[in-house]
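Morning, everyone. Let me put the model up, and then we'll go through its salt bridges and its interface.

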Amino acid sequence: MSIVTSTRLVAGRELRETFRRKSFWAVALVLLVGSSAAMIVPELLSDDSDPTVDIAVIGGGEELRALLAAAAERAGWELELRTVDDAQELRSLVEDDEVDLGVDANEPPTVVVRSGAGASMTATVRAAVQQQRLVGQLRDDGLSTAEIDAALAVPAPRLEELDAESEGRQAVSFAISFVLYLLLLTLMVQVANGVAIEKANRVSEVLLAIVRPGALLFGKVIGVGVGGFTMLVAGAIPVVVKLVAGGDLPAGVGGAVAGTVVWFALGLMLYLTMSGALGALVERQEQAGAVTAPLTFVLIGTFIAAQSSADTALGTVLAYFPLTSPLMMPSRIAIGATSTVELVVSLLLLVAAIALAARIGSTIYARSIVRTGTRLTVREALRQS
Amino acid sequence: MENDLVASGIVQRFGGREVLRGVDLEVPAGRTVGLVGPNGAGKTTLMRILFGVLTPDEGTIDWLGHRLTDADRRRWGYMPQERGLYRDMRVLDQLTWIARLHGLDADTGRSQAGELLERLGLSDRGSDNVEDLSGGMAQRVQLAAAMVHRPELLVLDEPFNGLDPVAVEFLTEVITDHVRAGRHLLFSSHQLDLVEDLCDEITMIDQGRVVLRGEVRRLKQDSPNRYLRVDAAVDPDWISHGSGTVERSDASGTRIRLNAGVDAADVLDHVRARAAVSDFAVESPTLSELFLEATGRREVASR
């Protein structure tokens, strides 16, 4: 029997036993429901029609209202106007978020917004207010209504807002990283635990007499990895469904999903191989968490970095480094910060790291798994005979 | 040799410590072979080497006349001293899976596992998790895991450890059946007296060296500590020189120390020709005594 066949048998057992556990299906269900909710709830909250803009106005008469309505129509808003009497009320309405914007048409004309209000909305309203004053000015100068209309027919410069979806992309990037991070962490502990249990239970000795250590290690990695991937699929189904159905997803989700799948699969192999080898070092199952702690720290650090500095120089560096790229890359793809060269080089480095980890990992595993009675260090495992 | 498992000159070091120092071992077909010696002698290490769990620093292993391969090992069965099974896996699933690792297809594996469970009296526990079985049942499942693929060589490391008398009898039966079928069997034990009657042959090791090896019957016969006891007064002159010496003579009879290799029946005939013997016995050394003889120690030290 080849090592491939025995690896397949080991992985098959791992999967069957995983699928036999109720907790597995419970978590998968939670992921599916949570992800569905994340896809559906925004749809429900934002009625699909145009965004509504509430504006409170002081003075300005019918003319201003007509101009605002025309501007709103061009911008594709649903306009809600309300008239207030004094500036104080106007300000408090804006402050309390009762309205999006306040216009005081009295001298000097003022547009009141909360800090950070949408730039295009503000600009549109300011233009309308300015226009009204311009109309008054021109009329005072003796121009006819026709002449005024002709003058105003000159189209205003179109406003193009760049990076309009940046917020959406960041949210997607965060969600992806968070799910991956949790999943990777869980599976890593699962592999280390599984190996430690096999060692503590002495099943490993029964098995090592039948199959090579490599088959035992990779069979477990593949089995647990495929189980984890099933989880990921459960979480990804709603995203894909929405993508295919053409729902209103933030741009970049498609690429992020594809990139995530690739980097996650490879990252999973790397991390699980290492944690499997580390799990073989321990004497008791309780030590499995401690022995994988260095990997956990790297994961936590990368997760934080992927959230805060995916588009910085640090992010670029971490996108190349094999231990950090599996979490960093999907984030960078989601926010559109990658280049083709970076993608290719990062991928190659990751694959090379997996090959290296497989070599060293199976050596550590083979040498540690039957050495019971004490907790070994990596150096001891590699040095001995 | 053609039908044997032959390990020669096995040396195993752990760090600077030599655990096995040039051990030879032969397991012929159809014979119950015991690997005996005190705890820490190196028995488990040798078995792990046989199964490739450890790679020896020196030495060779041949099987049926050729150098041992992984494919050969896959047709062997091993029950390690440290019993181990997946505790949260169903008994029948586990045995079937192990059979498949040995190269059987799923159907054959499942049916053989079922038959074996039946034979072990566990046929109704196949769908239970191992952790739900009693200790004795789990031990039988462990034995089943070593035999489910009907191995050509069955290796049992300290199989009698922690067994109750019923289980000992049962295991003895399993071993005897396996050997009668003309297959190979090797088991280890540090309880020399317990396995005395079971072994056809022994390899006795101590501190990583073979101290005694061969057919148990012959080893006893060749021991200088073998006695013929008769309920008659025996004149030392009756015993021909070279066959034995009278050790002790009293009212209850005479104790004659037999020389190594001498046929006790011949000596008895000599005595019976001269005196009436109504009761007699041959006192052969036990395996423990043979061990003490071979090592020059005063007791079988357990470490």
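Start in chain B. The side chains of E283(B) and R229(B) form a salt bridge, at 3.3 Å from N to O. By salt bridge I mean a side-chain nitrogen of Lys or Arg within 4 Å of a carboxyl oxygen of Asp or Glu. E283(B) sits in strand 14 (residues 280-283) and R229(B) in strand 11 (residues 226-230), so the pair ties together parts of chain B that are 54 residues apart in sequence. Strands here are DSSP runs of E, at least two residues; helices are runs of H or I, at least four; both are numbered from the N terminus.

How covered are these two? E283(B) is partly exposed, at 25% relative accessible area. R229(B) is partly exposed too, at 31%. The scale: buried is under 20% relative accessible area, exposed is over 50%, partly exposed is in between, with a 1.4 Å probe and protein chains only.

Ground rules, quickly. This is a predicted model: local features need pLDDT of at least 70, side-chain atom pairs count only at pLDDT 80 or more, and totals for chains, interfaces and linings use all residues. Residues are numbered from 1 along each chain as its sequence is written, chains are lettered from A and ligands numbered from 1 in the order written, and side-chain values use heavy atoms, leaving out hydrogens and water.

R31(B) is partly exposed at 24%. E215(B) is partly exposed at 27%.

Now chain A. It has 16 helices and 4 strands. Of its 385 residues, 43% count as buried.

Look at helix 1. R20(A) and E17(A) both lie there, 3 residues apart, about one turn of the helix. They form a salt bridge at 3.4 Å. R20(A) is partly exposed, at 31%, whereas E17(A) is buried, at 9%.

Next, K220(A), in helix 9 (residues 213-244). Buried or exposed, this lysine K220(A)? Buried: its relative accessibility is 3%. Its side chain makes a 2.8 Å polar contact with that of E14(A). A polar contact is a pair of N or O atoms within 3.5 Å; within protein, one must be able to donate a hydrogen and the other to accept it, and residues adjacent in sequence count only if both atoms are side-chain atoms. K220(A) also belongs to a salt-bridge network with R13(A), E14(A) and E198(A).

Last stop, the interface. The buried area is about 2,600 Å², with 55% from carbon and sulfur atoms. That is the accessible area (1.4 Å probe) the two parts lose on being put together, summed over both.

How many salt bridges are there between chain A and chain B? The count is 3. One of them pairs E82(B) with R202(A), at 3.4 Å from N to O.
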